[in-house]
Amino acid sequence: MRGRARHVADLTRPRLVEAVFVRSPHPAARVGAIDKTRALAAPGVVAVLTAGDLPHTPLLDSVQIDGLRKTPQPALAGDRVRFAGEPVALVVAHRRAQALDAAELVEVDWQPTPFVLDPGAAAAPGAPPVHDEIAENLLFSADKTYGDPAGAFAAADLVIEQPLIGNRYLAAPLEGRGCLAEPADHGGLTVWASTMGPHLLRRRLAQTTGIPEQRLRVIAPDVGGSFGLKIPAAPEEVAIALAARALGRPVRWVEGRREQLVAAPHAKDQRIALELAVSARGELLGVRAILAGNAGAYSFNSASALIEPYLGAGLLPGPYRIEHVAAGIRSLLTNTSPISPYRGVGWTQPHTARELAIDRAARALGLTPAELRRRNLVASFPHRSATGMVYDSGSYLACLETAVELVGGEVATGGAAAAGLPAPAGPSEDAGATAGASWVDPDEPDVRLGIGVTSYVEPAGWGSNGALQSEWSFASHDAVRLQVDPTGGVLAAVGTPSQGQGHATTLAQVVAAELGVRVEDVTVIAQDTDAVPVSTAGTRASRVATVTGGALALASRRLRKRLLEVAELLLERDTAGSPAPVAGSPAPVAGSPGTAAGSPGTAAGDAAATLTLADGVVTGGARELTVRQLAEAAHFDLALRARLPEPDLVVTQFHDPPATYSNGAIAALVAVDLGTGGVTVRRLAVVEDCGTMLNPMVVDGQAAGAVAQGVGGALWEDVAYGEDGVPRGDSFGSYLLPRIGELPEMAIAHHSSPSPFTVNGVKGMGESGSIAAPAAIACAVAAALSPERFVVDRLPLTAERVLRGAGLLDAPDPAPATPPAPPAPGGEAARGEAADPESAS
Amino acid sequence: MTLPPFDYARPASLDEATDLLARGDARVLAGGQSLVPALAARLPGGPRPGLLVDLYAIPGLDAIEPLPDGGVRIGAMARQRTVELSPLIAQRAPLLAEATAWIGHPSTRNRGTVVGSLAYAEPAAEIPSVAVALDAVAEIAGPGGARRTATAAELLGASPATPTTPAAPQAPANPPVRRGTALTPGELIVALTIPARSAAERTAWVEHAPRRYDLPLVGVAAVVRADGTARLVFAGVGPAPVTLQLRSSAPLRGGRTTGVPAVAELRSFEGHMDPESTGVPAPDPLRARIAGTLARRALRQALRGPARTEAAHG
């Protein structure tokens, strides 16, 4: 920690002014007159801008999927607001404090209108429409069938019905959103933004402002976390760009924490009714589910509300050989903040529902949860899943065994079969037998222990092909530029900036290893659309290692070949006895065509066989040559240059790799306090297989971080709306994130199954903990409370839900769970014998 | 910082402070660890004082002093961290030291004050309940040199009670609403005095929060006397601390295991907080269950620990 990071809030520009948004306090309202008079008279105020002052093309969900309805979203709302926190005006002042004060003086004639917060209620007859032209608030509805789910369910000996109301998350990066826009020449703009995808933002700004892309320069300075939140272009970013253009001076907006909690896009929030068909022998025959996503008030640009239920449907089989699948995908508009991507996007909540169902099936069959998984995990590769994903390689079984082993050790010492509970397995027994059971903590009679284990597959490293395997239309390719400067330094220009993932290290390692230079001689730049080639998708979808990293590896190989050609020519000249020309000497006449064309080619062929370039030094020839010498010669030795087929040390490489799938298993040991309903995670075992690891320390950091966020989702995180339609959480004192003190010891282990399809067998990774840790913890809590027949049907597992679910609170549920499956057209066909969510809750 | 506009005064004397506070829209600024974040949030309905009266420059307000009768006096500006680590507090009011260690974090305790926490009167916070449990008395200064005292219970509107008839449990698990103190405009608490305690009494503070060190859902102070009677004071179950007197001394005799049977009495207390005798609404079932659990644990912990006289030697 050196304090040298420069975030949007740290930037200084001449004539900079600060902007604060005036936001709707109502979930739905007509916006009457906006009186700016008092605000304009306040100290320091430069301008108060409303929708009419900033004409533009609204933001639009860019995903192209049949049946997806469109919800144009303005940068500033005009006559109508659709969620609490939607901006209607922009107050610009010399200082932020002045803008905050003046924002309170903008008088808006709010005319509140009926609103709907719950996706189940949104589809009911008579529900207020969020967008008048979208009937029943149904943004999207489709039923998909793979294999013969009806047959599978007819043949099943056991059908488990598993409802799940998933929580609404906030990605909650430490640095909130923000941007600074400054007018540039020729009507252009330079925009510094806290973003994951500079090119993506440039594209959205071009579409909304009408400024051509080449006149828009987007720079991502240091970005303090994102986790998906900063993938889409924010309406606020568009508004700031427009304001800078309108005012002719740089304008900055820095999001506040409460502003983020209320007005930033939220995440996940699926209502699920899942059914699992199982044979008496413990085969998982089929799965069918209604996945109803709460879209929020707009289907968010660059991401779409479909990222949740639609992507979740594709992964319903998960890591298991489940051949028959039916998915009813729904997305419903409500008067809540829009849903945008967050780590584990789409997959977290369907995974949780499936894993809870598997544990219940195991209990019904008298198997341990680990054993039921063992019998069904994918074991041969490549494996085409029922939904069309091609799992390239993996160690599904080995990861499960390792996770069970790592988490079981501690429980085995727990002992004490008080209260008539089964004794834990000893260390010598099959540790898998421990998962799913329940023990009393010998030191604390009110505390019950339980273990949950979950296997996962993570569609990771999305290029366009990975997206296609999720039936998603998404251009996800990168171009990179790699160049060696005249002193032998290497510059890697990529379009995928880091928000804390360590790209500057990892990508430099890729270049260093493939090119054969020292890692400290490689500089990675990724921040500036004027300086780096296009990445259509930016940093998202665990794609940087395979897409950007793959492109850099291929570029490095090409550049390495050129360097070795230079080396071969220099060495050849040594043996010919001719003095090396001095750099800058008059250009010699090129040799005869035969020499010029033939020699380097031959030389390169020989070079590949005899010369080695590693750590910046060529060995294997009569003398050693450094990359610095090669670079010097390649730039300034004109005689040598004349013999090179491609006399430059700049390579541009395009890459769009095949899909890869990481896998692993997570196991959790939890303690449930029956006296308070408190859940403590005592131990986590995290086993990850992401193929070839580029940097094990970065992989471990990604695994641990994602698991931490999964723990938050299992136990605390939830953006709860009050009856007034405004989120209740207004600080990190009420939206509870996991802190270091709440996180248990994590045992992280690895298996490695290199992908047969990618450069060096690398796979994407980094989201598995967010996908699978909530399931591991939910399964563990259910196991701890298995004597009480606790069925998890809602996350997070608050004290109240734990105690009530276990029958330990006598009063009726004050806030009954909303039925997970909202009535929606076409739903019954896929669903067959619909699960009654109430029956299991 | 995103604080809304306000006037700021840093008086050098108590009289000056109380005169400033007589202005209707003034508020006291002590440690600022609750007030300042609330100001910065600019929440609708949140605090919007026209004047903040900072007590920092008034000499002597941060003292922690022994009283001749064996009690201790804690000045309005004594920081929570100082109280937590004070040998005098450890000796004369160990319950206060124990509970103070649960407030926020060391960094907030370095600024936050014990008296400020009492005056803020957050229903689930540690200090109000501990002050009631220890029969603490507030010294109050008012405009024109007026001085008076009030017990913490009077100040907070808490009254001792014993459970009697079960009340119908209220359903929603909403936190109790903050009611504030019985201070009148212009008044401020100058110090909190904790009278001398019996050397044989044993105490404990136990609380439960979703995450450790958050504001608790429920907290319980237990004071077990030499004769076996006990007092439990609950935070987070009503707008003011709720006191429960345990008359039965027998279960508390004989140390650790036989001490626990107080559980039997407390079990009946679960879900049955009595509005008649406490003057507060019954808590929701969740808080009732947690309160019952914590009450048992607080008693157990108090009995398990050494009596204060032993602790002084240890």
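Me: How many residues does the contact take from chain A and from chain B?
Reply: Chain A gives 28 residues and chain B gives 26 residues, where contact means heavy atoms within 4.5 Å. This is a predicted model, in which local features need pLDDT of at least 70, side-chain atom pairs count only at pLDDT 80 or more, and totals for chains, interfaces and linings use all residues. Side-chain values use heavy atoms, with hydrogens and water left out.

Me: What makes E104(A) and R42(B) a salt bridge?
Reply: A salt bridge needs a side-chain nitrogen of Lys or Arg within 4 Å of a carboxyl oxygen of Asp or Glu. The N to O distance here is 3.1 Å, so the pair meets the rule. Between chain A and chain B the count is six salt bridges.

Me: How much area do chain A and chain B bury between them?
Reply: About 2,200 Å², with 52% of it on carbon and sulfur atoms; buried area is the accessible area (1.4 Å probe) that two parts lose on being put together, summed over both. E104(A), T676(A) and R739(A) supply 22% of what chain A buries against chain B, more than any other three residues.

Me: Why is C690(A) called buried?
Reply: Its relative accessible area is 3%, and buried means under 20% (exposed is over 50%, partly exposed in between; 1.4 Å probe, protein chains only). C690(A) therefore counts as buried.

Key: Residues are numbered from 1 along each chain as its sequence is written. Chains are lettered from A and ligands numbered from 1 in the order in which they are written.
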